[in-house]
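Trainee: I have not worked with this structure before. Could we go through it by questions and answers?

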Amino acid sequence: MKDSIVERVIRYVVTSIVDNAEAVDISLVDQGEDHVLAEVKTAPGEMGRVIGRGGRVARAIRAIAQAAGDEEGLQVAVEFVD
């Protein structure tokens with residue numbers, strides 16, 4: 001799953017939101033034939049910016065990730081790991 005569109009899209013969005021872009025870590029975990037879990041980690045204290053008020057930003061990131069997954073024929077779940 002190297003050089004995945006999903007990973008690149010999530011990385012672009014998340015690094016645009018946080019102050020410390022170098023601390024962003026995105027791991028893709030195979031969950032079956034056509035399912036993938038993207039685990040997003042940020043620097044301490046920046047997860048709130050990524051999740052957003054009421055989870056709005058997190059929902060938008062999930063929607064964008066799923067749209068990218070559709071390009072690769074994947075079902076994508078995004079988990080924000082503190």
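Mentor: Two strands pair if DSSP finds at least two bridges between them. Helices (H or I, at least four residues) and strands (E, at least two) are DSSP runs, numbered from the N terminus. This is a predicted model, in which local features need pLDDT of at least 70 and side-chain atom pairs pLDDT 80 or more, while totals for chains, interfaces and linings use all residues. Residues are numbered from 1 along each chain as its sequence is written, and side-chain values use heavy atoms, without hydrogens and water.

Trainee: How many bridges join β2 to β3, and do they run parallel or antiparallel?

Mentor: Seven bridges join β2 to β3. The direction of these two strands is parallel.

Trainee: Which residue in the turn between β1 and β2 has a positive phi?

Mentor: β1 and β2 form a hairpin, with four residues between them. The turn residue with a positive phi, about 140°, is G32.

Trainee: Does A77 count as buried, exposed or partly exposed, and why?

Mentor: A77 lies in strand β3 and touches V36, L37 and A38, leaving aside residues up to four places away in sequence (contact means heavy atoms within 4.5 Å). Buried means under 20% relative accessible area and exposed over 50%, with partly exposed in between (1.4 Å probe, protein chains only). Because its relative accessibility is 38%, A77 counts as partly exposed.

Trainee: Why do the buried residues of α1 lie on the same side?

Mentor: The buried residues of α1 are V6, E7, I10, V13 and V14. The arc is that of the directions from the helix axis to the C-beta atoms. They are on the same side of α1 because they cover an arc of only 140°.

Trainee: Which residues are exposed on the other side of α1?

Mentor: The buried residues of α1 pack against β1, β2, α2, α3 and β3. On the other side of α1, the exposed residues are Y12 and S16.
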